[in-house]
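Here are my notebook entries from a first look around this model. Come along and check each stop as you read.

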Amino acid sequence: MNTNTPLLRALSRALFRRTPPRQAPPQSFFCASPHFLSILPTSTIITSSRYLSTSPPTLQQLSTQPTPSSSTPPPFPPTKQPTSQEQQLQQQQLSILLPLLRLQPSHYITIHINSFPFLVTPGDTLTLPFLLPDVSVGDILRLTHASILGSRDYTIKGSPYLDENLFELRARVVEVTSEPMRIKIKKKQRTRRAKTVKSKHKYTVLRIGELVVKDAPALETAARGVEGSV
């Protein structure tokens, strides 16, 4: 029989065309052969191994408390309020040392104006780096916020400020001035645009007057007046 006829050749081609193509193995297929594991993609191996796990899933409870880190600063310790005995001891020490401080020839004081500390003595000229509101030249101001009062041998420190009945300090407004106009050109690299900034700050100049350190009896009288008003 002759197999090289056109009819047989056409039938053989039709049979080869109807042969189903080879399909890829399903994702749930598992093979222990190392050669087959190297052929399969990574996602298929991970998905197959997940179905083979027999251990139950574990649930982790998240903690609501913040974990300490190196960037988080430690909390501030609680401030200790002085007791009545400590206050009495401070009053006794103040009544003993205040007359000794008054006998010193010269005194200095650290005043606070708008939270800025300034160490001054009587007769100094103080230029404030800002403009005091509602003041004019010639006004006399009484400065009541001070943290340190001292002389050559003695120093009194407040926590944070001293009692205003310990001293009396006045200052006179001698000038309200301003600095010359300053012009600054700001420009970034590789840009043609430039920004011009103008600034002209105003200052207040004070002349510190006489510093009077009061005696202990005056302080006790002021304390009694406060207690009587309460």
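**Entry 1: Tyr154 and its contacts.** I looked up which residues Tyr154 touches, leaving aside neighbours within four places in sequence, and found Leu97, Leu100, Leu101 and Gln104. Contact here means heavy atoms within 4.5 Å. Before going on, I noted that this is a predicted model, where local features need pLDDT of at least 70 and side-chain atom pairs count only at pLDDT 80 or more, while totals for chains, interfaces and linings use all residues. I also noted that residues are numbered from 1 along each chain as its sequence is written, and that side-chain values use heavy atoms, with hydrogens and water left out.

I placed Tyr154 in the loop between strand E5 (146-150) and strand E6 (155-157). Strands (E, at least two residues) and helices (H or I, at least four) are DSSP runs, numbered from the N terminus. The C-alpha atoms of Tyr154 and Leu97 are 7.9 Å apart, although 57 residues separate the two along the chain. Tyr154 counts as partly exposed because its relative accessibility is 28%.

**Entry 2: the leucine side.** I found Leu100 in helix H4 (residues 84-102). Leu100 is partly exposed, at a relative accessible area of 35%. Together with Ile96, Leu97 and Leu103, Leu100 forms a nonpolar surface patch with about 400 Å² of accessible area. Like charges are joined within 9 Å, and nonpolar side chains (Val, Leu, Ile, Met, Phe, Trp, Tyr) within 5 Å. The areas come from the Shrake-Rupley method with a 1.4 Å probe, and for residues only the protein chains shown count as cover.

**Entry 3: Glu179.** Is Glu179 buried or exposed? I read a relative accessible area of 11%, so Glu179 is buried. Glu179 sits in the loop between strand E7 (167-178) and strand E8 (182-187). Not counting residues up to four places away in sequence, Glu179 touches Ser199, Lys200, His201 and Tyr203.

**Entry 4: the aromatic pair.** I found 1 aromatic pair in the structure. The ring centres of Phe116 and Phe130 are 5.5 Å apart and their planes meet at 35°, so the pair is tilted. Rings of Phe, Tyr and Trp (its six-membered ring) pair if their centres lie within 6.5 Å; planes under 30 degrees apart count as stacked, over 60 as edge-to-face and the rest as tilted.

Key. Patches are made of residues with over 30% relative accessible area and no salt bridge: like charges are joined within 9 Å, nonpolar side chains (Val, Leu, Ile, Met, Phe, Trp, Tyr) within 5 Å. A salt bridge is a side-chain nitrogen of Lys or Arg within 4 Å of a carboxyl oxygen of Asp or Glu. Buried means under 20% relative accessible area, exposed over 50%, partly exposed in between (1.4 Å probe, protein chains only).
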